[in-house]
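Here are a few notes to read alongside the model. Keep the 3D view open and look up each spot as you go.

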Amino acid sequence: MADRTPPTEASPETDADQPSGLSERFLNMVERTGNALPEPVTLFFIFIGITMLVSLIVSALGVSVEHPRTGEIITVESLFSGDNIQRLFTDMADTFADFPPLGLVLVVMLGIGVADKSGFIGAALGSFMRAVPNALLTMTIVFTGIMSNMAVDAGYVVVIPLGALLFYGAGRHPLAGLAAAFAGVSAGFSANLLPSALDVLLASFTEPAAHVIEPEYAVTALANYYLIVALVPAFVIVGWLITDYVVEPYLGDYEPPEDFEEDESTSDNLTEVEQKGLLWGSVAFFAAIAGAALLIIPEGGALRGPDGGFEPAFNAIVGLMVVIFFLPGLVYGLVTEKIKRDKDVTDMMSETMSDLGVYIVLAFAAAHFVAMFSWSNLDMVVAIKGAEFLELLETSVGLSGIPLIIAFIFVSAFINLFVGSASAKWAIMGPTFVPMLMLMGYSPELTQAAYRIGDSFTNILTPLLPYFPLIIVFAQRYDKNAGIGSIIAVMLPYSIAFGLIGTIVLAVWIFFGIPLGPDAPLFVDAP
């Protein structure tokens with residue numbers, strides 16, 4: 001990362017060293033402010049303390065809300081209550097173990113660790129970089145990040161570190177590659193060329209909400225399909241422009257830390273043995289994918305549900321990824337003789353787990369912060385109050401049409417800073433906004449589409465994102481001083497750009513009356 005240390009009397013800064021523009025000065029300020037904060041682990045514990053104090057004050061004020069779906073009265077609970085103090089200590093191990101990303105990261109990294117430590121990933125990436133022109137590298141990484149959402153959350157574990165490694169191997173700043181991949185995976189969560197588990201999940205909440213107004217209304221998993229396909233090229237182009245013309249100039253020239261362990265196979269030509277290993281490793285890789293396809297695609301496949309659905313396949317993605325990465329790593333290691341006995345494989349896995357030590361400590365703190373925020377019911381109160389605020393705009397100000405949809409997008413984006421789960425938020429917001437907007441003539445599919453856009457572009461700014469600690473760990477491999485401020489500073493331009501382009505695309509969609517998906521209109525006849 002470029003040196004942006006403030007000038008001192010002993011080392012005056014010349015005009016050439018000054019930030020070149022307003023945007024760079026602003027990002028410098030964001031980074032300095034963020035990195036002036038304590039270590040991420042300490043910061044999460046500070047967040048816990050603040051949450052406990054806020055819960056005590058708000059609960060004493062008797063703040064409560066009504067759940068729009070169940071009618072249940074939800075009150076803020078003090079985290080200082082006897083029950084919550086008891087819960088903190090008795091459930092401490094379960095709170096940590098049940099942290100959603102923890103198991104996924106550790107399990108997937110067992111397979112990736114063998115592929116990485118054996119040299120297969122480095123060799124494959126090196127070949128990839130030599131095949132892909134540097135001018136297309138950024139767009140390729142952003143696109144891969146977006147498409148990785150098909151594998152649920154696996155993109156966080158696989159694509160983001162590979163984006164950094166690809167940029168480093170190409171002689172570019174690795175944190176720019178990390179940022180491009182993070183933007184694709186997380187800020188581009190609302191886009192894809194294929195339907196994913198998220199489409200099924202959101203539709204399962206949207207349809208019952210629509211039944212409040214029209215009992216026979218059907219919402220399918222393809223409700224937003226045309227829109228999410230159109231967002232892919234828009235996000236890829238915007239991600240490329242932000243990376244190459246904003247983030248990389250801001251980061252400056254990269255100088256690796258003295259103890260940085262470089263994977264030479266990403267930049268040097270492969271030896272004859274490594275080429276042979278890459279060939280057979282690639283065969284194993286595609287064979288593993290073919291095997292997974294045979295378990296999923298046939299109607300009677302082992303990973304199909306009793307009704308022919310794909311839910312078991314979605315649930316099996318983590319296990320499949322372990323095998324898909326482990327097998328080529330094993331084959332590559334055997335061919336190149338980097339694996340000579342079974343202990344070598346065990347050592348590779350152990351070393352990978354050792355590398356994740358910092359993440360595990362971060363995950364412990366983050367897991368308790370997220371859990372305690374939920375125990376206090378502050379997450380539900382924030383979400384429902386946000387919904388009430390939007391209703392107020394509609395009734396008192398008369399906000400309607402595209403401005404109302406845009407307001408809904410930004411309310412969703414704000415709530416997303418505090419409540420990470422897309423399904424949890426939609427379970428709260430859907431029953432309120434789907435019927436409300438249907439009464440105004442807007443279809444459930446349109447409300448769901450607006451929610452998806454708002455739910456995505458602030459993912460990359462909030463430390464409440466379950467994978468945020470992992471992103472910090474990935475960044476610290478290349479910059480030991482990287483912290484929350486560093487990540488937010490480089491991701492802020494993506495968040496603004498993705499939010500604007502997603503909102504503009506949806507506004508154009510509404511203006512021209514383009515269907516959101518098969519049998520998915522923009523408008524309905526208002527009762």
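1. Let's start with a helix pair: α18 and α20 cross in a right-handed way. Keep in mind while looking that this is a predicted model.

2. Who does the touching here? On the α18 side, the contact is made by Ile405, Phe408, Ile409, Ser412, Ala413 and Asn416. Facing them from α20 are Leu446, Thr447, Ala450, Tyr451, Ile453 and Gly454. Sorted by class, this contact of α18 with α20 has eight nonpolar and four polar residues, and no charged ones.

3. Now for the geometry. Two packed helices are described by the angle between their axes and by the distance between those axes. Helix α18 covers residues 401–416 and helix α20 covers residues 444–454; they pack at an angle of about 45°, and their axes are 7 Å apart. That angle makes α18 oblique to α20.

4. Next, have a look at Asn377, which sits in the loop between α16 (357–375) and α17 (378–397). Its phi is positive, near 70°, and Asn377 is a residue other than glycine. Is Asn377 buried or exposed? Asn377 counts as buried, because its relative accessibility is 18% and the cut-off for buried is under 20%.

5. Last one: Asp519 isn't a glycine either, yet it has a positive phi of about 55°. You'll find Asp519 in the segment after α22 (484–512). With 79% relative accessibility, Asp519 counts as exposed, since exposed means over 50%.

Conventions:
Residues are numbered from 1 along each chain as its sequence is written. This is a predicted model: local features need pLDDT of at least 70, side-chain atom pairs count only at pLDDT 80 or more; totals for chains, interfaces and linings use all residues. Side-chain values use heavy atoms; hydrogens and water are left out. Helices (H or I, at least four residues) and strands (E, at least two) are DSSP runs, numbered from the N terminus. Buried means under 20% relative accessible area, exposed over 50%, partly exposed in between (1.4 Å probe, protein chains only). Axes are lines fitted to C-alpha atoms, for helices over the stretch in contact, and angles run from 0 to 180 degrees between N-to-C directions. Angles under 35 degrees count as roughly parallel, over 145 as roughly antiparallel, 65 to 115 as roughly perpendicular and the rest as oblique. A crossing is left-handed if the near helix is turned anticlockwise from the far one by less than a right angle, and right-handed if clockwise. Contact means heavy atoms within 4.5 Å. Ala, Val, Leu, Ile, Met, Phe, Trp, Tyr, Cys and Pro count as nonpolar, Asp, Glu, Lys and Arg as charged, and the others, Gly among them, as polar.
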